[in-house]
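Have a go at each task before you read its solution.

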Amino acid sequence: MFTRTPYECHTRLAVDGQWHARPGDDQWARLIEGYRTMALIRQFDKKAVNLQRTGKLGTYASCLGAEALTTAAGQTLQPDDYFVPYYRDQATQYLRGVRLEQILQYWGGDERGNDFPADAPAVRDLPNCVPIGTQLTQAAGVATKAKQRHEHAAVLVTCGDGATSRGDFHETLNVAGVWQLPLVVLVNNNQWAISVPRRLQTASRTIAQKAEAAGIEGFQVDGNDLPAMLDALDYALDRARHGKGAILIEAMSYRLSDHTTADDASRYRKASDLHAAWQREPVARLRQALVEAGHWDGDQEKAWLEHCQRQVDEAIDSYLATPPAPATDMLDYLYANLPPALLAQRAQLEQRTTGGHHA
Ligand SMILES: [Mg+2]
């Protein structure tokens, strides 16, 4: 049964990988695919942190602990839907067709990382959003246009728990309710907004209940439980596509990493809390459930992790071998037409970096 309330967390898997509600025979292939993606993204994420530590990547926001929710988003979106990410959505972007080397390019300060492949669903998506919450109102705009055009499409936007205290969040839910927008707002409640814990973030009993004031449906789901996340997003995205209104999903998770590579969470987070959170982490939990059900084994695990390592290494090689982007890229994607003051700066920049010679 799919529990949908703002006060009770929908879950399918116990922490030890035991099933509360066992999948039907037709669901295993999807769960195995989801597990494969989660394992791949965990390896990718670890290597990305290492690249930053060795000076080969800029500041990076790890998705350690968020693998189930970001993978479920990618598995449930359909090609004609739109995805408006925040900055811990690596698996969703990958499943939408963004190449791993492009995700590295983005965090390496190269705009070409946002030039998503034209033949991939991601071409409809927005780039990562780092300012907190501004992507929410943009997603409401995309959803408004999709509705005006009578598209059979949903818009999925993600944000963290901290963003739910911002005006942008409440304005988005409000307009989504009034205009019945085809919008799903997925909150990764990872319990921390940089160093601010959830209990100091909001006095709301849950984040999901913030939907009630906007007159839309809101519910909690275990964000570390891939099958539960698939239930939640299948339901919400399907409703949105069919014009049945917006939904807020609060996915309960835990940020196992620092906020970004520019943070040191050991200064404000108890080691015992982190240890406890690792007992509920999503990757081992799903692996255990698949193994116990006879759908995954040690040999498959070993072969898949070797495959992941090769795939991630190839992406890193490709990223490191890419010649630097032109310095003028820092101005070229700000406006449709550059204002005169920036045009002059752009000309100077081009002069300095190419000596006036066009490639
Ligand atoms: Mg957070």
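Predicted model: local features only at pLDDT ≥ 70, side-chain atom pairs only at ≥ 80, totals over all residues.

Residues are numbered from 1 along each chain as its sequence is written, and side-chain values use heavy atoms, with hydrogens and water left out.

**Exercise 1.** Describe how helix H5 packs with helix H6.

*Solution.* 
- Step 1: H5 (residues 134-148) and H6 (residues 167-178) have axes 8 Å apart, at an angle of about 20°. Helices here are DSSP runs (H or I, at least four residues), numbered from the N terminus.
- Step 2: H5 is therefore roughly parallel to H6 (angles under 35 degrees count as such).
- Step 3: The contact (heavy atoms within 4.5 Å) involves Thr134, Leu136, Thr137 and Ala140 of H5, and Asp168, Phe169, Glu171, Thr172 and Val175 of H6.

**Exercise 2.** Is helix H4 mostly covered or mostly uncovered?

*Solution.* 
- Step 1: H4 (residues 100-107) is mostly covered, with seven of its eight residues buried (under 20% relative accessible area, 1.4 Å probe, protein chains only).
- Step 2: Its buried residues pack against helices H1 (28-53), H3 (90-95) and H12 (298-321).
- Step 3: Just after H4, Gly109 has a positive phi of about 85°.

**Exercise 3.** Which protein donors does the magnesium ion have?

*Solution.* 
- Step 1: Donors are N, O and S atoms within 2.8 Å of the metal (3.2 Å for Na, K and Ca).
- Step 2: Asp161 (OD), Asn190 (OD1) and Trp192 (O) lie 2.1 to 2.2 Å from the magnesium ion.
- Step 3: Asn190 and Trp192 are both buried.

Methods
Axes fitted to C-alpha atoms, helices over the stretch in contact; angles between N-to-C directions. Helix = DSSP H or I, 4+ residues; strand = E, 2+ residues; numbered from the N terminus. Parallel < 35°, antiparallel > 145°, perpendicular 65-115°, else oblique. Buried < 20%, exposed > 50% of the residue type's maximum accessible area, 1.4 Å probe, protein only.
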